[in-house]
Amino acid sequence: MKFRDVGPEPNVFMITGGTNDGTVGTFPKQYSDILTRNGVDHVYQSIPGGQHGDNSVKPHLYTFFRYAFK
């Protein structure tokens, strides 16, 4: 997985998930591992006990805004 040279790369490329997310399961971690192996700069965040709702979304948004508005 790499970005093609078709335009500007994103300022923040973030992969997030909760450890108890029944909707996406372990895919966020798998995507992050693939990006790391391919040298793609990204932010990965996993919320322990987080599900597919506000108990994960709020901390993910907080982290995203910290990176986006440095």
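**Charges, cover and contacts in a predicted model**

Modeller: Let's start with charge: the protein carries 7 positive and 6 negative side chains, and the centres of the two sets are 3 Å apart.

Biologist: Why do the side chains of D33 and K29 count as a salt bridge?

Modeller: The term asks for a side-chain nitrogen of Lys or Arg within 4 Å of a carboxyl oxygen of Asp or Glu. D33 and K29 meet at 2.7 Å, N to O, so the pair falls within the 4 Å limit. A search of the whole structure finds one salt bridge. In general, side chains of opposite charge can pair when their charged atoms come close.

Biologist: Where do D33 and K29 lie?

Modeller: Both belong to helix α1 (residues 27-37), four residues apart, about one turn of the helix. Helices (H or I, at least four residues) and strands (E, at least two) are DSSP runs, numbered from the N terminus. The protein has two helices and two strands, in the order β-α-β-α from the N terminus on.

Biologist: Why is T63 called buried?

Modeller: Buried means under 20% relative accessible area, exposed means over 50%, and partly exposed is in between (1.4 Å probe, protein chains only). T63 has 12% relative accessibility, which is under 20%, so T63 counts as buried. This residue sits in helix α2. Leaving aside residues up to four places away in sequence, T63 touches M14, V43 and Q45.

Biologist: What makes that a touch?

Modeller: Contact means heavy atoms within 4.5 Å. Strand β1 gives another example: I15 lies there and touches P28, Y31, L35, H42, V43, Y44 and Q45, again not counting residues up to four places away in sequence. With a relative accessible area of 13%, I15 is buried too.

Biologist: Why are D33 and K29 called partly exposed?

Modeller: D33 has a relative accessible area of 28% and K29 has 40%.

Biologist: Why is P48 called exposed?

Modeller: Its 71% relative accessibility is over the limit for that word, so P48 counts as exposed. P48 is in the loop between β2 (43-47) and α2. T23, in the loop between β1 (14-18) and α1, is exposed as well, at 56%.

Biologist: What makes V57, L61, F64, F65 and F69 a nonpolar patch?

Modeller: Patches are made of residues with over 30% relative accessible area and no salt bridge; like charges are joined within 9 Å, and nonpolar side chains (Val, Leu, Ile, Met, Phe, Trp, Tyr) within 5 Å. Take F69, in the segment after α2 (54-68): its relative accessible area is 63%, so F69 passes the 30% limit. Together the five residues make a patch of about 480 Å².

Biologist: How many of the 70 residues count as buried, as a percentage?

Modeller: That share is 26%. The accessible surface of the whole protein comes to about 5300 Å², with 54% of it belonging to carbon and sulfur atoms. Such areas come from the Shrake-Rupley method with a 1.4 Å probe, and for residues only the protein chains shown count as cover.

Notes
Residues are numbered from 1 along each chain as its sequence is written. This is a predicted model: local features need pLDDT of at least 70, side-chain atom pairs count only at pLDDT 80 or more; totals for chains, interfaces and linings use all residues. Side-chain values use heavy atoms; hydrogens and water are left out. Lys and Arg count as positive and Asp and Glu as negative; His and the chain ends are not counted. The place of a charge is taken as NZ of Lys, CZ of Arg, CG of Asp or CD of Glu.
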